[in-house]
Amino acid sequence: MRSAVLAPLAAAVLTVTVAACAPSAPEITQPPAPASSAPSSPATASSPAATAAGTSPAPESEPGKLAFEQVATLDKPVAMAVRAGDDRVYVAEQSGRLRTLGGDTVIDLSGEISTGNEQGLLGVAFHPDGRWLYLNWTDRDGHTHVTEWAFDGTKATSRRDVLKQDQPYPNHNGGHLAFGPDGYLYIGLGDGGSGGDPHGYGQKLTTWLGKILRIDPRGSPYKVPKDNPFAGRRTAKPEIWAYGLRNPWKFTFDRETGDLWIGDVGQNAWEEIDFQPASSKGGENYGWNLREGGEPFNGGQGGNLTDPVITYPQDDCTSVTAGYVYRGQKIPWLKGRFLYGDFCAGWVKAARSGKPGDAVEVGRVEQLSSFGEGADGELYAMSIQGPVYKIEAAP
C-alpha cells in the first residue's frame, strides 16, 4: 500500500451496505508434495480469457450485491490464513499479533516490530500440512523477516528465520505470504520504497526487492526449487519467480485453476491487477518502473512486458487490494468472479475471471486492508479500522 494507506485514522462510520541479504548457497530441490474497473483495462496480449489454464466459463448470472457481516473486531487486521484440519480462522494484526477470530493470541511480536505506516506484521501463511506457520514482518530497524514456527494447533514453538531482506526505506514492504498449489511458499516484496523506485530495483534481478519469490521454506534455511525461472543463473537471484512490481500488497491463487492474481499498488497515476496463468513457468516482468499500469513511467521503455489485466486511474487517494476468485457455494452469482477493492475509495468490485476489465461495484468496506478465504471457499474482508467481515449475498 502507499505511504498514507496504513496511517492511524480517526474513527469513522463504516458503511456496510448492500450496495538483500540472501542466505548463502541455498539447496536446490524438486517440488514438495502439495499436502475492472471503469475505465476498462488496456488491451492485453495475454489476458486470462486467452491464457488461463482450466479457467471456468464466465458465469451466466448477472452480478448482484454483497453484504458484509461483522464477525470480529481486531487491531488493524491485514492478513488472514486457514490451517489444514483446523476450523479456526487466523488473522494477522499489523500491530504485531497473530490471533484467531475467536480472540486467542497465537504469536505476539508487538515488542519486536517497527510501527510505520507500511510496517509491522504484514502476512501469514500455514504450510499445507499444517505443521508450520510463517509470518512476514518488519523489525525495529524496518527490515523484512519471514519467520517460521512449528505449530501443533495449541502452541507455536521452534522459531527460526527463513529469510531476511534489508529495506532501504520504510514503505513498499509488500508483506504477503501464500502457499501455491505446488506446495511452495510465495513471498511478496515491494521495490524498497521512497518514490518512483529510485534505485531501479523492480527491474534488477540481483535483488529480491520488487519481486515475488518462490521457495521451499523447509530447508537450512530454505530450498530453491529447481524449476524457478532464474535458478542456476549467476546474474540473478534464484528465488525470484516474477518481477517488475512496485508494491504487491496482496496476491491470491484461484483454488480451482491455480491462476495467480496480483494487486500492485501504483505511484501517482494508475492502479493495476496483474495475472499469471497456472501454466506459467514464471519469470514474468510486470513492468515497474518502466511502466505504471499500462503506461510508460518517466519515459521508460521495455519489451516483453506482461500487461496488467485490470487498471484504473488514481484519484485523490487510491490503493488497490487484490481479493480472490470466488469458489464458495453460498453466493451462486459470484462463482468464477474475481473480487478486489480499493483501500481509499472503499468500493469492492467483482469481475468475470475470463473478462476482468468488465467489473461492477458490488459493495463497500471503508479502509479495506485485505481479503481472506476460508477453508470452504467463502470469503472475508478486513478493514484497518478493526472490523473483520464475512462476505454474504445481500438480501
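Reader: What makes strand S18 and S21 a pair, and in which sense do they run?

Author: This is a predicted model. Two strands pair if there are at least two bridges between them. S18 (residues 270-276) and S21 have 4 bridges, so they count as a pair, in the antiparallel sense. Across this pairing, Glu271 stands opposite Tyr312 in S21.

Reader: Which strands form the open sheet, and in what order?

Author: There are 4 strands, in the order S16-S17-S18-S21, with antiparallel pairing. From one strand to the next, the twist averages 10 degrees.

Reader: Why are S16 and S21 said to stand at the edges?

Author: Each has a single partner strand, so one side of each is left without a neighbour in the sheet.

Reader: How do you know that Cys317 and Cys344 form a disulfide?

Author: The cut-off is a sulfur pair within 2.5 Å. Their sulfur atoms are 1.8 Å apart, so the pair qualifies as a disulfide. A search of the whole structure finds 1 disulfide.

Reader: Why is Cys344 called buried, and why is Cys317 called partly exposed?

Author: Buried means under 20% relative accessible area, and exposed means over 50%. Cys344 has 18%, so it is buried. Cys317 has 33%, which lies in between, so Cys317 is partly exposed.

Reader: What makes the largest cavity a cavity, and which residues line it?

Author: A cavity is a space where a 1.4 Å probe fits but cannot get out. The largest cavity holds about 50 Å³ of space. Its lining includes Gly244, Arg246, Asp264, Tyr286 and Trp288. By class, the lining has 3 nonpolar, 3 polar and 5 charged residues.

Reader: Which elements give two or more residues to the lining of the second largest cavity?

Author: Strands S16 (250-253), S22 (320-325) and S26 (368-373) do. Among the lining residues are Lys250, Thr252, Tyr324 and Phe371. The volume is about 40 Å³. The lining divides into 4 nonpolar, 3 polar and 1 charged.

Reader: Which residues are closest to the centre of the second largest pocket?

Author: About 200 Å³ of space lies in that pocket. Of its 15 lining residues, Asp182, Tyr186, Trp241, Ala278 and Ser280 are the closest to the centre. The lining has 7 nonpolar, 3 polar and 5 charged residues.

Technical notes. Residues numbered from 1 in each chain as written. Predicted model: local features only at pLDDT ≥ 70, side-chain atom pairs only at ≥ 80, totals over all residues. Heavy atoms only, no water. 1 Å grid on protein atoms, 1.4 Å probe; cavity = no way out; pocket = protein on both sides within 12 Å on 5 of 7 lines; lining within 4 Å. Points joined across faces, edges and corners; volume = space filled by probe spheres on them. Nonpolar A, V, L, I, M, F, W, Y, C, P; charged D, E, K, R; others polar. Axes fitted to C-alpha atoms, helices over the stretch in contact; angles between N-to-C directions. Buried < 20%, exposed > 50% of the residue type's maximum accessible area, 1.4 Å probe, protein only.
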